[in-house]
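Work through the exercises below with the structure open beside you. Try each task before reading its solution.

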Amino acid sequence: MELISVNEPLLNGNEKKYLCECIDTGWISSEGPFVKEFEQKMSASVGRKCGIAVSNGTAALEVAVQALGIGEGDEVIMPTFTIISCAMAVTKVGAVPVLVDSDLYTWNMNVNEIEAKITSRTKAIMMVHLYGLPVEADEILSLAKKYNLKVIEDAAEMHGQTYKGKPCGSFGDISTFSFYPNKHITTGEGGMVVTDDEELAERCRLVRNLCFRKDVRYVHDEISDNYRFTNLQAAVGLAQLERLEEFVKRKREMGRYYTERLKNIEGLMLPITNTDYAENIYWVYGLVLKDDITVDNRKMQKLLAAEGIGTRTFFWCMHEQPVYRKAGLFQNESYGNAEYLARKGFYVPSGLALTMEQMENVVLAVGRVMEKVKSGQI
Ligand SMILES: *Cc1c(COP(=O)(O)O)cnc(C)c1O
């Protein structure tokens, strides 16, 4: 049986050519010329002045939080339903994630819950765009203005997406990207912080590189980490960026195909195609089981694996993370929609290398498994 992997990237542009250039010239470290070129082109693509490439998207969030000076006792408002990278960047500096629930249909944070969570300790709102539709940025920007808060925008899944016609990655005081292989463009591992604030960008460069003091190397006023990004990664990134528009177009075609073929299967909620402010770019193609389906996403994952289909469950909520519960965080908190998505949501193969035939097989397998589930055979 052919296994269809949940994500296979497409690397058949200039990746090999630029990588060979690295090898031929000997420029492989973070000092190589492709790094600056990639920073410049990537940040310009979302209309930002500065780009600081880092080792991954998690690192980008860590650099952003540290560069903003968020620390001990500060609070950062974010969705509970997200990847742990968001919360970890905050807890690592001794600050506290303050959580809000999700919208059941866009899967993004419910912006109407934010204002009630603002206290005198709130320093920032972390706006995390998830799965392909942007968060309602205007609401967050106006709250940030009203209460004098910073906005950290996690655009890890949003390359090429816009909100009311403006690029995602252009909304935060500081915004971050990931180039993990399941993102619309990849560098294997990689990430970037973008901002218009030159001073903040300089802080990010310092934090990226162990906080080496500028005047005397090997002397440190502050602790950070080595978050550097290599010329090899930048070589792949430049080749990928050349094709961003094509990739977004393809992802949308794939999304439309899945929607067309899956919409008649009862028991599944499909991703929203359009909102007033954006057209879905399907970071991955997610499905959510309706309440009358008794199995959960972990069971679906097993059943689809038996059919040769790779899937992943949705994120697990921050307030339900054992590591944070043990540390005494989020006691007695519950967020109904987020908990539902975490238990009932999963995504099917969505990589750019997927063929039409493979997508057809995914659709048929989902149909067969749903029939079994609904008929009570499972
Ligand atoms: C992928 C992702 C990250 C983390 O990126 P890595 O490069 O895997 O560290 C952060 N936030 C969101 C929303 C993501 O999807």
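**Exercise 1. Aromatic rings**

Which residues do ring pairs link into a cluster? Work in this predicted model, then classify the pair formed by Trp107 and Tyr131.

Solution. 
1. The cluster consists of Phe81, Trp107, Tyr131, Trp283, Phe314, Phe315 and Tyr347, joined by ring pairs.
2. The structure as a whole holds 20 aromatic pairs.
3. For Trp107 and Tyr131, the ring centres are 5.6 Å apart and the planes meet at 90 degrees. Planes over 60 degrees apart count as edge-to-face, so Trp107 and Tyr131 form an edge-to-face pair.
4. Now place the two residues on the chain. Trp107 is in the loop between β3 (96-100) and β4 (122-128), while Tyr131 is in the loop between β4 and α5 (137-147). They are 24 residues apart, and the pair links distant parts of the chain.
5. Both Trp107 and Tyr131 are buried.

**Exercise 2. Charges over rings**

Over which rings do the charged ends of Arg217 and Arg298 sit?

Solution. 
1. The charged end of Arg217 lies over the ring of Tyr218, at 5.5 Å from the ring centre.
2. For Arg298 the ring is that of Trp316, and the distance to its centre is 5.1 Å.

**Exercise 3. Salt bridges**

Solution. 
1. Glu39 belongs to helix α2 (residues 33-45) and Arg208 to helix α6 (residues 198-208), 169 residues apart. Glu39 and Arg208 are both buried.
2. Glu75 has 9% relative accessibility and counts as buried, whereas Arg121 has 44% and counts as partly exposed.
3. Glu115 is in the loop between β3 and β4, and Lys146 is in helix α5, 31 residues apart. Glu115 is partly exposed at 32% relative accessible area; Lys146 is exposed at 57% relative accessibility.
4. Salt bridges can also join into a network, as they do for Glu202, Arg205 and Lys214.

**Exercise 4. Cysteines**

Solution. 
1. The count of disulfides is 0.
2. Cys20 is in no disulfide, and its nearest cysteine sulfur, in Cys22, is 8.9 Å away. Cys20 is partly exposed, at 40% relative accessibility.
3. A disulfide needs two cysteine sulfur atoms within 2.5 Å. The closest cysteine sulfur to that of Cys211 is in Cys204, 11 Å away, and therefore too far for a bond.
4. Cys211 is buried, with 3% relative accessibility.

**Exercise 5. The surface**

Which residues make the nonpolar surface patch of about 260 Å², and is Asn112 buried or exposed?

Solution. 
1. Ile23, Ile28 and Leu232 make the patch.
2. Ile23 is in helix α1 (residues 15-25). Its relative accessible area is 59%, and over 50% means exposed, so Ile23 is exposed.
3. Asn112 lies in the loop between β3 and β4. At 65% relative accessibility, Asn112 is exposed.

Notes:
Residues are numbered from 1 along each chain as its sequence is written. This is a predicted model: local features need pLDDT of at least 70, side-chain atom pairs count only at pLDDT 80 or more; totals for chains, interfaces and linings use all residues. Side-chain values use heavy atoms; hydrogens and water are left out. Patches are made of residues with over 30% relative accessible area and no salt bridge: like charges are joined within 9 Å, nonpolar side chains (Val, Leu, Ile, Met, Phe, Trp, Tyr) within 5 Å. Accessible areas come from the Shrake-Rupley method with a 1.4 Å probe; for residues, only the protein chains shown count as cover. A salt bridge is a side-chain nitrogen of Lys or Arg within 4 Å of a carboxyl oxygen of Asp or Glu. Helices (H or I, at least four residues) and strands (E, at least two) are DSSP runs, numbered from the N terminus. Buried means under 20% relative accessible area, exposed over 50%, partly exposed in between (1.4 Å probe, protein chains only). Rings of Phe, Tyr and Trp (its six-membered ring) pair if their centres lie within 6.5 Å; planes under 30 degrees apart count as stacked, over 60 as edge-to-face and the rest as tilted. A charge sits over a ring if NZ of Lys or CZ of Arg is within 6 Å of the ring centre and within 35 degrees of the ring normal.
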